[in-house]
Amino acid sequence: MASVLEDPSLERHFKGHKDAVTCADFSPNNRQLATGSADTNLMIWSMNPKAKALKFVGHRDAITSVQFSPSGELVVSASKDKTVRLWTPSIRGESTVFKAHIATVRCASFSHDGRMLVTASDDKSVKVWNVHRQRFLYSLNQHTNWVRCARFSPDGRLIASCGDDRMVRLWDTSSRQCINVFTDCGGSATFVDFNSSGTCIASSGADNTLKIWDIRTNRLLQHYHVHRSGINCFSFHPSGNYLISASSDSTVKILDLLEGRLIYTLHGHKGPVLTVAFSRGGDLFASGGSDSQVLLWKTNFDAFNYREVLKRHRRRANPDPPPHLSDIFPRGPHLHTNQSESIQISPMVADTQSADPHIVEVGQSLFSRSQPSGRSHGNEVPGGRARGLSRGGSGQTWAGSVGMQEEEAGSRTFALEERSGLPDGVTRTLEHIVQQLDVLTQTVSVLEERLCLTEDKLRECLNTQARMVLQVQQGADSGSQGSDL
């Protein structure tokens with residue numbers, strides 16, 4: 001089958017981030033690519049080489065996760081600043097801020113209907129939010145170490161999460177209970193996701209491995225050990241036939257899941273590759289790494305008609321083939337190792353004519369103070385045109401802002417009244433209210449965590465007491481039987 005595949009090609013590279021690129025996602029219409037970076041900025045790149053790129057400023061620490069909503073009307077970003085932001089991916093730069101956790105937020109992901117949002121954090125919790133009402137719903141708290149990733153299943157009935165406790169957990173969203181735990185991870189579990197049909201989950205780890213389970217039978221289907229260093233991210237092809245993985249060994253690997261083998265190794269980054277993502281149509285994929293580069297690849301190899309492959313699989317006479325995703329009931333796990341026939345690609349950029357896009361900075365904060373260096377750490381709104389709102393609630397605060405500024409060689413500093421359009425005294429009062437709401441939110445989060453710990457300890461005490469009562473009863477029964485004899 002390898003002879004009918006066309007090799008992937010590097011189409012473009014995007015330059016604009018000033019630090020490691022940690023996350024990436026395509027818009028549903030494939031016209032935009034969102035990337036987040038350790039430089040605290042969210043970038044929205046256009047697939048049109050002549051269009052401007054948008055830089056969204058607002059986070060105060062490294063961005064760890066980014067994703068478009070299913071409708072493409074929103075982009076969610078998570079950050080080490082303990083917040084989650086919902087952005088409008090346009091030049092208006094509107095954003096909504098969730099004070100989501102009391103520690104670094106590692107992941108934020110929409111449900112497939114766009115109504116819910118799940119977040120994972122170093123505070124060992126997974127939280128679920130209502131997007132439209134901008135309201136916290138509930139927490140999932142059985143992880144015992146940092147939670148690295150959480151994802152909804154395609155039908156929204158399940159959540160998969162993984163973390164540094166070396167466990168992959170499966171949660172029922174209706175009962176809010178953990179219904180299954182996969183403990184085969186040899187190290188920290190770095191990433192988890194469902195395939196397009198929702199029948200399987202895959203997880204990657206710091207132990208250089210990638211594993212795929214069938215959640216209907218709880219069986220390990222495939223086990224790949226193709227990287228020389230930890231796997232940071234992976235992405236299923238929309239067809240479910242391929243998977244791409246990004247590793248700290250500076251490579252991107254492409255796996256054929258139907259045949260259970262490595263087919264391509266891509267060399268393009270100078271340093272660890274931190275993120276990789278297929279487009280919604282599967283014809284493109286993007287990768288980002290510690291070299292601050294964003295590389296856009298054309299898939300090519302997915303053009304083959306897989307109906308013929310499936311027919312061949314159905315005609316197989318071998319009664320015990322290696323397990324694959326297309327098999328109804330694989331008889332056991334099968335380790336897939338790096339094979340010599342995989343194709344090594346060290347690409348050159350195909351598009352050498354298009355210049356780097358001009359970058360427009362948007363989404364600066366209403367309440368941030370001017371920075372002497374010209375760098376904003378909030379949502380600064382220049383030009384005196386802004387609107388904002390802040391609200392405290394159960395486990396969240398949120399704010400909206402509008403603004404736009406074209407990036408210039410010399411940055412401008414605006415007076416507080418000019419930036420916000422409000423008197424200085426009113427603005428400072430609002431700043432104080434926002435600070436107090438932040439303190440209140442953190443207090444509520446701490447109380448919530450303590451309550452969960454108290455419930456766990458109480459449950460443990462009750463279980464211990466029940467065991468002691470059972471032992472006493474068994475001892476009494478044994479004594480009465482001895483006296484009867």
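Asp 25 is buried, at 9% relative accessibility; buried stands for under 20% relative accessible area, exposed for over 50%, and partly exposed for what lies in between, with a 1.4 Å probe and protein chains only. This is a predicted model, in which local features need pLDDT of at least 70 and side-chain atom pairs count only at pLDDT 80 or more, while totals for chains, interfaces and linings use all residues. Residues are numbered from 1 along each chain as its sequence is written, and side-chain values use heavy atoms, with hydrogens and water left out.

Asp 25 and Arg 280 form a salt bridge through their side chains, at 3.3 Å from N to O. The term salt bridge is used for a side-chain nitrogen of Lys or Arg within 4 Å of a carboxyl oxygen of Asp or Glu. Asp 25 belongs to strand E2 (residues 21-26) and Arg 280 to the loop between strand E26 (273-278) and strand E27 (284-289), so the pair ties together parts that are 255 residues apart in sequence. Strands (E, at least two residues) and helices (H or I, at least four) are DSSP runs, numbered from the N terminus. Arg 280, with a relative accessible area of 33%, is partly exposed.

## Other salt bridges

The count of salt bridges comes to six. One of them joins Arg 106 and Asp 122, whose closest N and O atoms are 2.9 Å apart. This pair links distant parts of the chain, 16 residues apart: Arg 106 is in strand E10 (residues 105-110), and Asp 122 is in the loop between strand E11 (116-121) and strand E12 (126-130). Both Arg 106 and Asp 122 are buried.

Glu 259 and Arg 261 also meet in a salt bridge between their side chains, at 2.7 Å from N to O. Glu 259 has a relative accessible area of 31% and is partly exposed, whereas Arg 261, at 11%, is buried.

## Aromatic rings

Nine aromatic pairs are found in a search of the whole structure. Rings of Phe, Tyr and Trp (its six-membered ring) pair if their centres lie within 6.5 Å; planes under 30 degrees apart count as stacked, over 60 as edge-to-face and the rest as tilted. Phe 98 and Trp 129 have ring centres 5.3 Å apart and planes at 65°, so the pair is edge-to-face. Phe 98 lies in strand E9 (residues 95-98) and Trp 129 in strand E12, so the pair ties together parts that are 31 residues apart in sequence.

Phe 98 and Trp 129 are both buried. Ring pairs join Phe 98, Trp 129 and Phe 136 into a cluster. The charged end of Lys 127 sits over the ring of Phe 136, 5.4 Å from the ring centre. A charge sits over a ring if NZ of Lys or CZ of Arg is within 6 Å of the ring centre and within 35 degrees of the ring normal.

## The largest pocket

The largest pocket holds about 1,200 Å³ of space. Of the 48 residues that line this pocket, Arg 151, Phe 191, Asp 193, Cys 233 and Phe 234 are the closest to its centre. On a 1 Å grid over the protein atoms alone, a pocket is an open set of points with protein on both sides within 12 Å along at least five of seven lines, a cavity is a set of points where a 1.4 Å probe fits but cannot get out, and lining residues have an atom within 4 Å of a point. Grid points are joined across faces, edges and corners, and a volume is the space filled by probe spheres set on the points.

E6 gives the largest share of the pocket lining, six residues. By class, the lining of the largest pocket has 23 nonpolar, 17 polar and eight charged residues. Nonpolar covers Ala, Val, Leu, Ile, Met, Phe, Trp, Tyr, Cys and Pro, charged covers Asp, Glu, Lys and Arg, and polar covers the others, Gly among them.

## The cavity

The count is one cavity of 30 Å³ or more. The largest cavity has a volume of about 60 Å³. Strand E19 (200-205) and strand E20 (210-214) are the elements that give two or more residues to its lining. E19 gives the most, with three residues. Residues that line the largest cavity include Cys 185, Ser 203, Asp 207 and Lys 211. The classes in this lining are two nonpolar, seven polar and two charged residues.
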